[in-house]
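The sequence and structure come next, and the description follows.

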Amino acid sequence: PVIVVCHDISPADSFHLAEAKLLGIVTELGGTTSHSSILARAMNIPAVVGIQNATMRISDDQQIILDGNLGEVIAEPDDETIKSKLDKKDRYNFYKSELSKLADHDCVLSDGKPVDIAANLDFITELELINKLKIPAIGLIRTEFLFLIEESFPDEDEQFQLYTKILKEINNKPITIRTWDVGGDKPTFAFPELADEINPALGLRAIRVCLKHQDIFRTQVKAILRASKRGTIRLMLPMITRIDEVIKAKKIIEEERIGLKIKPGSIEVGCMIETPASAFIIEDFLDLIDFISIGSNDLIQYALAVDRLNEHVADLFAPFHPAILKMLEKIVVSANRMNKSVSICGELAADPIMQMFLLGIGDITFSMSPNHVLQTKSILKKVDRAVCKKIAFKFMTKHSYEENNQYVQQLREQYMDLY
(Lines give C-alpha, C1' and ligand atoms only; values in the text may rest on other atoms or scores of the structure.)
Protein backbone atom coordinates (compact mmCIF):
# COMPACT_ATOMS: atom_id res chain seq x y z
CA PRO A 1 0.00 0.00 0.00
CA VAL A 2 1.21 3.49 -0.89
CA ILE A 3 0.29 7.15 -0.74
CA VAL A 4 -0.31 8.49 -4.25
CA VAL A 5 1.06 11.97 -4.97
CA CYS A 6 -0.23 13.46 -8.23
CA HIS A 7 -1.29 16.62 -10.02
CA ASP A 8 -4.99 15.74 -9.87
CA ILE A 9 -7.38 12.80 -9.96
CA SER A 10 -9.90 12.57 -12.77
CA PRO A 11 -13.15 10.63 -12.52
CA ALA A 12 -11.57 8.12 -14.91
CA ASP A 13 -8.60 7.73 -12.56
CA SER A 14 -10.89 7.19 -9.60
CA PHE A 15 -12.75 4.49 -11.50
CA HIS A 16 -9.55 2.42 -11.34
CA LEU A 17 -8.25 3.67 -7.98
CA ALA A 18 -11.42 2.48 -6.26
CA GLU A 19 -10.12 -1.07 -6.61
CA ALA A 20 -6.58 -0.23 -5.45
CA LYS A 21 -5.36 -0.47 -1.86
CA LEU A 22 -4.20 3.09 -1.17
CA LEU A 23 -3.12 4.58 2.14
CA GLY A 24 -3.79 8.13 1.00
CA ILE A 25 -3.88 10.68 -1.82
CA VAL A 26 -2.08 14.01 -2.21
CA THR A 27 -2.95 16.29 -5.14
CA GLU A 28 -1.63 19.63 -6.34
CA LEU A 29 -5.03 20.85 -7.48
CA GLY A 30 -8.36 21.19 -5.73
CA GLY A 31 -10.09 22.21 -2.54
CA THR A 32 -12.29 20.49 0.02
CA THR A 33 -15.24 20.38 -2.40
CA SER A 34 -13.36 19.53 -5.60
CA HIS A 35 -14.12 16.23 -7.29
CA SER A 36 -10.78 14.86 -6.03
CA SER A 37 -11.89 15.38 -2.42
CA ILE A 38 -15.39 14.05 -3.08
CA LEU A 39 -14.06 10.90 -4.72
CA ALA A 40 -11.46 10.32 -1.99
CA ARG A 41 -14.20 10.54 0.66
CA ALA A 42 -16.35 8.15 -1.33
CA MET A 43 -13.46 5.68 -1.46
CA ASN A 44 -12.80 6.27 2.27
CA ILE A 45 -9.21 7.23 1.51
CA PRO A 46 -7.49 10.01 3.52
CA ALA A 47 -6.59 12.89 1.21
CA VAL A 48 -4.91 16.27 1.24
CA VAL A 49 -5.53 18.43 -1.82
CA GLY A 50 -4.21 21.74 -3.11
CA ILE A 51 -0.55 21.15 -2.15
CA GLN A 52 1.41 23.29 -4.60
CA ASN A 53 4.26 21.52 -6.44
CA ALA A 54 3.67 18.36 -4.39
CA THR A 55 5.00 16.12 -7.19
CA MET A 56 8.23 18.12 -7.23
CA ARG A 57 8.65 18.36 -3.45
CA ILE A 58 7.90 14.70 -2.66
CA SER A 59 9.97 11.97 -4.29
CA ASP A 60 9.29 8.29 -4.92
CA ASP A 61 9.80 6.02 -1.90
CA GLN A 62 10.08 9.00 0.45
CA GLN A 63 8.50 8.47 3.87
CA ILE A 64 5.63 10.88 4.51
CA ILE A 65 2.75 11.24 6.95
CA LEU A 66 -0.66 12.28 5.63
CA ASP A 67 -3.20 13.66 8.11
CA GLY A 68 -6.45 14.10 6.22
CA ASN A 69 -8.28 15.61 9.19
CA LEU A 70 -5.79 18.45 9.58
CA GLY A 71 -4.81 18.71 5.91
CA GLU A 72 -1.15 18.01 6.73
CA VAL A 73 1.57 16.31 4.69
CA ILE A 74 4.81 15.80 6.62
CA ALA A 75 7.89 14.65 4.69
CA GLU A 76 10.63 12.70 6.49
CA PRO A 77 8.98 12.91 9.93
CA ASP A 78 11.11 12.47 13.04
CA ASP A 79 10.46 9.74 15.60
CA GLU A 80 8.50 12.05 17.92
CA THR A 81 6.15 13.13 15.13
CA ILE A 82 5.62 9.54 14.03
CA LYS A 83 4.73 8.49 17.57
CA SER A 84 2.34 11.44 18.00
CA LYS A 85 0.53 10.67 14.73
CA LEU A 86 0.31 6.95 15.49
CA ASP A 87 -1.21 7.77 18.89
CA LYS A 88 -3.74 10.01 17.14
CA LYS A 89 -4.52 7.22 14.67
CA ASP A 90 -5.19 4.84 17.56
CA ARG A 91 -7.54 7.38 19.18
CA TYR A 92 -9.33 7.89 15.87
CA ASN A 93 -9.76 4.15 15.35
CA PHE A 94 -11.24 3.85 18.85
CA TYR A 95 -13.59 6.77 18.06
CA LYS A 96 -14.75 5.01 14.89
CA SER A 97 -15.37 1.78 16.79
CA GLU A 98 -17.56 3.70 19.24
CA LEU A 99 -19.43 5.35 16.37
CA SER A 100 -20.16 1.94 14.84
CA LYS A 101 -22.50 1.24 17.77
CA LEU A 102 -24.87 3.86 16.31
CA ALA A 103 -25.49 1.92 13.10
CA ASP A 104 -28.74 0.44 14.41
CA HIS A 105 -29.98 3.76 15.81
CA ASP A 106 -32.09 6.31 13.94
CA CYS A 107 -30.76 9.82 13.53
CA VAL A 108 -32.63 11.93 16.08
CA LEU A 109 -32.17 15.15 18.01
CA SER A 110 -32.01 15.10 21.81
CA ASP A 111 -35.75 15.90 21.96
CA GLY A 112 -36.54 12.85 19.86
CA LYS A 113 -37.23 14.74 16.63
CA PRO A 114 -36.14 12.53 13.70
CA VAL A 115 -33.57 13.83 11.22
CA ASP A 116 -33.88 12.65 7.62
CA ILE A 117 -30.60 11.35 6.21
CA ALA A 118 -29.67 9.71 2.92
CA ALA A 119 -26.50 8.56 1.20
CA ASN A 120 -24.63 9.88 -1.82
CA LEU A 121 -23.43 7.14 -4.17
CA ASP A 122 -20.31 7.56 -6.31
CA PHE A 123 -19.10 3.96 -6.52
CA ILE A 124 -21.01 0.68 -6.54
CA THR A 125 -18.71 -0.56 -3.77
CA GLU A 126 -20.38 1.93 -1.39
CA LEU A 127 -23.61 -0.08 -1.44
CA GLU A 128 -22.19 -2.52 1.11
CA LEU A 129 -21.59 0.31 3.60
CA ILE A 130 -25.01 1.86 2.90
CA ASN A 131 -26.61 -1.46 3.83
CA LYS A 132 -24.35 -1.98 6.84
CA LEU A 133 -25.26 1.45 8.25
CA LYS A 134 -28.96 0.93 7.44
CA ILE A 135 -29.20 4.26 5.61
CA PRO A 136 -32.85 4.59 4.54
CA ALA A 137 -32.37 6.07 1.06
CA ILE A 138 -29.88 7.17 -1.58
CA GLY A 139 -30.36 10.89 -2.08
CA LEU A 140 -27.86 11.38 -4.89
CA ILE A 141 -26.43 8.97 -7.43
CA ARG A 142 -23.68 10.70 -9.40
CA THR A 143 -24.13 8.68 -12.58
CA GLU A 144 -21.09 10.20 -14.27
CA PHE A 145 -18.89 8.47 -11.65
CA LEU A 146 -20.56 5.06 -11.94
CA PHE A 147 -19.53 4.54 -15.55
CA LEU A 148 -16.26 5.03 -17.38
CA ILE A 149 -17.42 7.84 -19.70
CA GLU A 150 -14.04 9.19 -20.74
CA GLU A 151 -14.75 8.60 -24.43
CA SER A 152 -18.31 7.29 -24.73
CA PHE A 153 -21.52 6.78 -22.77
CA PRO A 154 -23.12 3.46 -21.77
CA ASP A 155 -26.11 2.23 -23.73
CA GLU A 156 -29.63 1.98 -22.36
CA ASP A 157 -29.43 -1.67 -21.31
CA GLU A 158 -26.12 -1.22 -19.49
CA GLN A 159 -27.56 1.68 -17.52
CA PHE A 160 -30.82 -0.15 -16.84
CA GLN A 161 -28.92 -3.15 -15.48
CA LEU A 162 -26.88 -0.98 -13.12
CA TYR A 163 -29.82 1.07 -11.83
CA THR A 164 -31.84 -2.07 -11.13
CA LYS A 165 -28.81 -3.66 -9.48
CA ILE A 166 -28.62 -0.69 -7.10
CA LEU A 167 -32.31 -1.05 -6.24
CA LYS A 168 -31.94 -4.76 -5.63
CA GLU A 169 -28.81 -4.50 -3.48
CA ILE A 170 -30.37 -1.92 -1.13
CA ASN A 171 -33.64 -3.84 -0.89
CA ASN A 172 -35.65 -1.37 -2.99
CA LYS A 173 -35.09 1.64 -0.78
CA PRO A 174 -35.83 4.94 -2.57
CA ILE A 175 -33.07 6.28 -4.81
CA THR A 176 -32.51 9.60 -6.58
CA ILE A 177 -30.64 9.41 -9.86
CA ARG A 178 -29.02 12.59 -11.13
CA THR A 179 -28.74 12.76 -14.90
CA TRP A 180 -25.33 13.27 -16.50
CA ASP A 181 -23.43 16.09 -14.81
CA VAL A 182 -20.51 16.18 -17.23
CA GLY A 183 -18.36 19.11 -18.29
CA GLY A 184 -16.77 21.59 -15.93
CA ASP A 185 -14.36 19.60 -13.74
CA LYS A 186 -15.67 16.32 -15.20
CA PRO A 187 -14.66 16.45 -18.87
CA THR A 188 -15.29 13.74 -21.43
CA PHE A 189 -13.76 13.26 -24.85
CA ALA A 190 -17.19 12.19 -26.12
CA PHE A 191 -17.90 15.86 -26.82
CA PRO A 192 -14.98 17.61 -28.59
CA GLU A 193 -16.38 21.07 -27.81
CA LEU A 194 -15.62 20.52 -24.12
CA ALA A 195 -11.90 20.14 -24.74
CA ASP A 196 -10.96 23.77 -25.36
CA GLU A 197 -13.27 25.69 -23.06
CA ILE A 198 -11.54 28.68 -21.48
CA ASN A 199 -13.79 28.62 -18.40
CA PRO A 200 -15.34 25.15 -18.09
CA ALA A 201 -17.22 25.94 -14.86
CA LEU A 202 -19.28 28.50 -16.80
CA GLY A 203 -19.38 26.52 -20.01
CA LEU A 204 -21.20 23.60 -21.57
CA ARG A 205 -21.97 21.29 -18.66
CA ALA A 206 -24.69 19.28 -16.94
CA ILE A 207 -28.21 20.01 -18.25
CA ARG A 208 -26.75 22.17 -21.03
CA VAL A 209 -24.89 19.16 -22.41
CA CYS A 210 -27.97 16.96 -22.09
CA LEU A 211 -30.24 19.38 -23.93
CA LYS A 212 -27.67 19.94 -26.69
CA HIS A 213 -26.90 16.22 -27.06
CA GLN A 214 -30.39 14.86 -26.52
CA ASP A 215 -29.49 11.38 -27.70
CA ILE A 216 -27.41 10.63 -24.58
CA PHE A 217 -30.04 12.29 -22.39
CA ARG A 218 -32.93 10.31 -23.89
CA THR A 219 -30.97 7.08 -23.51
CA GLN A 220 -30.42 7.75 -19.83
CA VAL A 221 -34.02 8.86 -19.26
CA LYS A 222 -35.32 5.65 -20.84
CA ALA A 223 -33.05 3.51 -18.68
CA ILE A 224 -34.20 5.35 -15.53
CA LEU A 225 -37.87 5.07 -16.51
CA ARG A 226 -37.54 1.35 -17.16
CA ALA A 227 -35.79 0.85 -13.83
CA SER A 228 -38.56 2.78 -12.05
CA LYS A 229 -40.81 -0.25 -12.60
CA ARG A 230 -38.57 -2.13 -10.16
CA GLY A 231 -38.66 0.37 -7.29
CA THR A 232 -38.99 3.99 -6.17
CA ILE A 233 -36.78 6.21 -8.29
CA ARG A 234 -36.62 9.99 -8.48
CA LEU A 235 -34.96 11.69 -11.46
CA MET A 236 -32.92 14.82 -10.77
CA LEU A 237 -31.71 17.43 -13.27
CA PRO A 238 -28.34 19.12 -12.56
CA MET A 239 -27.36 22.79 -12.76
CA ILE A 240 -30.70 24.23 -13.76
CA THR A 241 -30.64 28.01 -14.15
CA ARG A 242 -33.70 28.69 -16.34
CA ILE A 243 -37.35 27.72 -16.39
CA ASP A 244 -37.19 26.72 -20.05
CA GLU A 245 -34.52 24.12 -19.20
CA VAL A 246 -36.97 22.42 -16.85
CA ILE A 247 -39.78 22.60 -19.41
CA LYS A 248 -37.61 21.14 -22.20
CA ALA A 249 -36.24 18.37 -19.97
CA LYS A 250 -39.70 17.43 -18.67
CA LYS A 251 -41.03 17.34 -22.24
CA ILE A 252 -38.33 14.83 -23.19
CA ILE A 253 -39.02 12.75 -20.08
CA GLU A 254 -42.75 12.74 -20.85
CA GLU A 255 -42.17 11.73 -24.49
CA GLU A 256 -40.00 8.79 -23.40
CA ARG A 257 -42.52 7.80 -20.71
CA ILE A 258 -45.29 7.63 -23.29
CA GLY A 259 -43.04 5.71 -25.68
CA LEU A 260 -42.32 3.12 -22.99
CA LYS A 261 -46.00 2.94 -22.00
CA ILE A 262 -45.22 3.72 -18.38
CA LYS A 263 -48.13 5.04 -16.37
CA PRO A 264 -48.20 8.76 -15.50
CA GLY A 265 -46.86 9.80 -12.11
CA SER A 266 -44.60 6.76 -11.79
CA ILE A 267 -41.50 8.87 -11.28
CA GLU A 268 -40.86 12.18 -9.55
CA VAL A 269 -38.76 14.81 -11.33
CA GLY A 270 -36.69 17.34 -9.41
CA CYS A 271 -33.70 19.57 -9.93
CA MET A 272 -30.51 20.73 -8.32
CA ILE A 273 -30.41 24.25 -6.91
CA GLU A 274 -26.75 25.16 -7.28
CA THR A 275 -26.63 28.65 -8.77
CA PRO A 276 -27.76 32.05 -7.47
CA ALA A 277 -30.11 32.26 -10.48
CA SER A 278 -32.03 29.18 -9.43
CA ALA A 279 -32.08 30.30 -5.79
CA PHE A 280 -33.61 33.68 -6.66
CA ILE A 281 -36.45 32.17 -8.71
CA ILE A 282 -36.91 29.10 -6.53
CA GLU A 283 -40.69 29.50 -6.29
CA ASP A 284 -41.01 29.35 -10.09
CA PHE A 285 -39.06 26.07 -10.16
CA LEU A 286 -41.12 24.62 -7.33
CA ASP A 287 -44.29 25.17 -9.39
CA LEU A 288 -42.90 22.81 -12.05
CA ILE A 289 -41.09 20.07 -10.17
CA ASP A 290 -41.64 17.57 -7.37
CA PHE A 291 -38.55 18.16 -5.24
CA ILE A 292 -35.27 20.07 -5.05
CA SER A 293 -31.79 19.33 -3.82
CA ILE A 294 -29.24 21.98 -2.88
CA GLY A 295 -25.88 21.46 -4.56
CA SER A 296 -23.87 23.46 -2.05
CA ASN A 297 -20.47 22.90 -3.69
CA ASP A 298 -21.39 24.77 -6.87
CA LEU A 299 -23.79 27.17 -5.15
CA ILE A 300 -20.95 28.56 -3.05
CA GLN A 301 -18.57 28.59 -6.01
CA TYR A 302 -20.90 30.63 -8.20
CA ALA A 303 -22.26 32.89 -5.48
CA LEU A 304 -18.85 33.90 -4.12
CA ALA A 305 -16.98 33.78 -7.46
CA VAL A 306 -14.50 31.28 -5.98
CA ASP A 307 -13.20 28.46 -8.17
CA ARG A 308 -13.47 25.38 -5.97
CA LEU A 309 -10.65 23.71 -7.89
CA ASN A 310 -8.23 26.58 -7.35
CA GLU A 311 -6.00 26.06 -4.32
CA HIS A 312 -4.97 29.75 -4.38
CA VAL A 313 -8.47 30.88 -3.37
CA ALA A 314 -9.47 27.87 -1.25
CA ASP A 315 -9.58 30.06 1.86
CA LEU A 316 -12.24 32.24 0.19
CA PHE A 317 -14.61 29.28 -0.21
CA ALA A 318 -16.81 30.30 2.72
CA PRO A 319 -19.94 28.20 3.42
CA PHE A 320 -20.95 30.45 6.32
CA HIS A 321 -20.75 33.68 4.34
CA PRO A 322 -23.93 35.68 5.10
CA ALA A 323 -24.94 35.60 1.43
CA ILE A 324 -24.81 31.80 1.37
CA LEU A 325 -26.83 31.47 4.57
CA LYS A 326 -29.49 33.85 3.25
CA MET A 327 -29.80 31.84 0.03
CA LEU A 328 -30.06 28.58 1.95
CA GLU A 329 -32.75 30.07 4.17
CA LYS A 330 -34.75 31.26 1.15
CA ILE A 331 -34.52 27.85 -0.55
CA VAL A 332 -35.55 25.80 2.50
CA VAL A 333 -38.35 28.15 3.60
CA SER A 334 -39.77 28.31 0.05
CA ALA A 335 -39.76 24.53 -0.35
CA ASN A 336 -41.35 23.99 3.08
CA ARG A 337 -44.03 26.59 2.38
CA MET A 338 -44.90 24.96 -0.97
CA ASN A 339 -44.84 21.47 0.59
CA LYS A 340 -42.05 20.21 -1.67
CA SER A 341 -39.27 18.04 -0.31
CA VAL A 342 -35.83 19.63 -0.10
CA SER A 343 -32.46 18.08 0.55
CA ILE A 344 -28.84 19.19 0.55
CA CYS A 345 -26.35 16.88 -1.11
CA GLY A 346 -23.08 18.81 -1.34
CA GLU A 347 -20.22 18.44 1.13
CA LEU A 348 -22.02 20.87 3.48
CA ALA A 349 -24.63 18.20 4.10
CA ALA A 350 -22.16 16.45 6.42
CA ASP A 351 -21.07 19.58 8.32
CA PRO A 352 -22.65 19.33 11.81
CA ILE A 353 -22.82 23.11 12.31
CA MET A 354 -24.51 23.62 8.95
CA GLN A 355 -26.88 20.79 9.83
CA MET A 356 -27.86 22.60 13.03
CA PHE A 357 -28.36 25.85 11.13
CA LEU A 358 -30.58 24.24 8.49
CA LEU A 359 -32.63 22.27 11.04
CA GLY A 360 -33.25 25.60 12.74
CA ILE A 361 -34.56 27.00 9.47
CA GLY A 362 -36.95 24.19 8.53
CA ASP A 363 -37.39 20.61 7.37
CA ILE A 364 -34.62 19.22 5.17
CA THR A 365 -32.91 15.93 4.29
CA PHE A 366 -29.15 15.57 4.53
CA SER A 367 -27.68 13.42 1.76
CA MET A 368 -24.00 12.71 2.36
CA SER A 369 -21.16 10.30 1.86
CA PRO A 370 -22.07 7.18 3.88
CA ASN A 371 -18.77 7.59 5.74
CA HIS A 372 -20.21 10.66 7.52
CA VAL A 373 -23.54 9.22 8.66
CA LEU A 374 -22.43 7.87 12.04
CA GLN A 375 -20.72 11.11 13.01
CA THR A 376 -23.90 12.98 12.10
CA LYS A 377 -25.92 10.74 14.42
CA SER A 378 -23.40 11.19 17.22
CA ILE A 379 -23.32 14.99 17.11
CA LEU A 380 -26.94 15.82 16.35
CA LYS A 381 -28.18 13.84 19.36
CA LYS A 382 -26.53 16.55 21.50
CA VAL A 383 -28.97 19.28 20.39
CA ASP A 384 -32.73 19.74 20.17
CA ARG A 385 -34.84 21.72 17.70
CA ALA A 386 -34.98 24.74 20.02
CA VAL A 387 -31.18 24.93 20.14
CA CYS A 388 -31.02 24.64 16.34
CA LYS A 389 -33.47 27.53 15.99
CA LYS A 390 -31.35 29.67 18.32
CA ILE A 391 -28.24 28.82 16.30
CA ALA A 392 -29.99 29.73 13.05
CA PHE A 393 -31.26 33.01 14.52
CA LYS A 394 -27.77 33.97 15.71
CA PHE A 395 -26.26 33.27 12.31
CA MET A 396 -28.93 35.32 10.53
CA THR A 397 -28.33 38.35 12.77
CA LYS A 398 -24.60 38.50 11.99
CA HIS A 399 -23.39 40.59 9.08
CA SER A 400 -19.88 39.43 8.21
CA TYR A 401 -18.11 36.21 7.42
CA GLU A 402 -15.62 36.93 10.21
CA GLU A 403 -18.42 37.08 12.79
CA ASN A 404 -19.98 33.91 11.45
CA ASN A 405 -16.65 32.10 11.35
CA GLN A 406 -15.98 32.93 14.99
CA TYR A 407 -19.39 31.57 15.90
CA VAL A 408 -18.74 28.42 13.86
CA GLN A 409 -15.49 27.80 15.75
CA GLN A 410 -17.31 28.33 19.05
CA LEU A 411 -19.97 25.78 18.11
CA ARG A 412 -17.38 23.28 16.89
CA GLU A 413 -15.57 23.45 20.22
CA GLN A 414 -18.88 22.99 22.02
CA TYR A 415 -20.40 20.13 20.04
CA MET A 416 -17.84 18.36 17.87
CA ASP A 417 -16.55 14.97 19.00
CA LEU A 418 -12.91 14.99 20.11
CA TYR A 419 -10.54 12.06 19.70
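## An enclosed helix

In helix H15, 10 of the 10 residues are buried, so the helix is largely enclosed by the rest of the structure; buried here means under 20% relative accessible area, exposed means over 50%, and partly exposed lies in between, with a 1.4 Å probe and protein chains only. Helices (H or I, at least four residues) and strands (E, at least two) are DSSP runs numbered from the N terminus. The buried residues of H15 include Pro 352, Met 354, Phe 357, Gly 360 and Ile 361. They pack against helix H14 (322–337), strand E12 (341–344), strand E13 (365–368), helix H16 (373–380), H17 and helix H18 (401–415), where contact means heavy atoms within 4.5 Å.

This is a predicted model, in which local features need pLDDT of at least 70 and side-chain atom pairs count only at pLDDT 80 or more, while totals for chains, interfaces and linings use all residues. Residues are numbered from 1 along each chain as its sequence is written, and side-chain values use heavy atoms, with hydrogens and water left out.

## The start of H15

Asp 351 is placed in the loop between E12 and H15, and with a relative accessible area of 13% Asp 351 is buried. At the start of H15, a side-chain oxygen of Asp 351 comes to within 2.9 Å of the backbone nitrogen of Ile 353; a polar contact is a pair of N or O atoms within 3.5 Å, and within protein one must be able to donate a hydrogen and the other to accept it, with residues adjacent in sequence counting only if both atoms are side-chain atoms. When residues up to four places away in sequence are not counted, Asp 351 touches Phe 320 and Arg 412.

E12, H15 and E13 together make a right-handed β-α-β unit; a crossover is right-handed if, with the strands pointing away from the viewer, the path from the first strand over the helix to the second runs clockwise. E12 and E13 pair in the parallel sense over 2 bridges, and Ile 344 has Phe 366 in E13 as its bridge partner. Strand E11 (residues 291–294) also runs parallel to E12, joined to it by 4 bridges, with Ser 293 opposite Ser 343 in E12. Two strands are taken to pair if DSSP finds at least two bridges between them.

An open sheet of 3 strands has the order E1-E2-E3, with parallel pairing. Strand E1 (2–6) and strand E3 (47–48) stand at its edges with a single partner strand each, so one side of each is left without a neighbour in the sheet. Strand E2 (residues 22–27) pairs with E3 in the parallel sense over 2 bridges, and the bridge partner of Val 26 in E3 is Val 48.

## Aromatic pairs

A search of the whole structure finds 8 aromatic pairs, counting rings of Phe, Tyr and Trp (its six-membered ring) whose centres lie within 6.5 Å, with planes under 30 degrees apart called stacked, over 60 edge-to-face and the rest tilted. The ring centres of Phe 147 and Tyr 163 are 6.4 Å apart and their planes stand at 85°, so this pair is edge-to-face. Phe 147 lies in the loop between helix H6 (143–146) and helix H7 (156–169) and Tyr 163 in helix H7, so the pair ties together parts that are 16 residues apart in sequence. Phe 147 counts as buried at 7% relative accessibility, and Tyr 163 is buried at 0%.

Phe 357 and Phe 395 also form an edge-to-face pair, because their ring centres are 5.8 Å apart and their planes are at 90°. Phe 357 belongs to helix H15 (residues 352–361) and Phe 395 to helix H17 (residues 385–396), so this pair ties together parts that are 38 residues apart in sequence. Phe 357 is buried at 0% relative accessibility, and Phe 395 is buried at 1%. One aromatic cluster is formed by Phe 147, Phe 153, Tyr 163, Trp 180 and Phe 191.

## Charged side chains

Arg 226 lies over the face of Phe 160, at 4.1 Å from the ring centre, and Lys 398 lies over the face of Tyr 407, at 5.3 Å from the ring centre; a charge sits over a ring if NZ of Lys or CZ of Arg is within 6 Å of the ring centre and within 35 degrees of the ring normal.

Lys 101 is found in the loop between helix H4 (79–99) and strand E6 (116–121), and is exposed, with a relative accessible area of 54%. A polar contact of 3.0 Å joins the side chains of Lys 101 and Glu 98.
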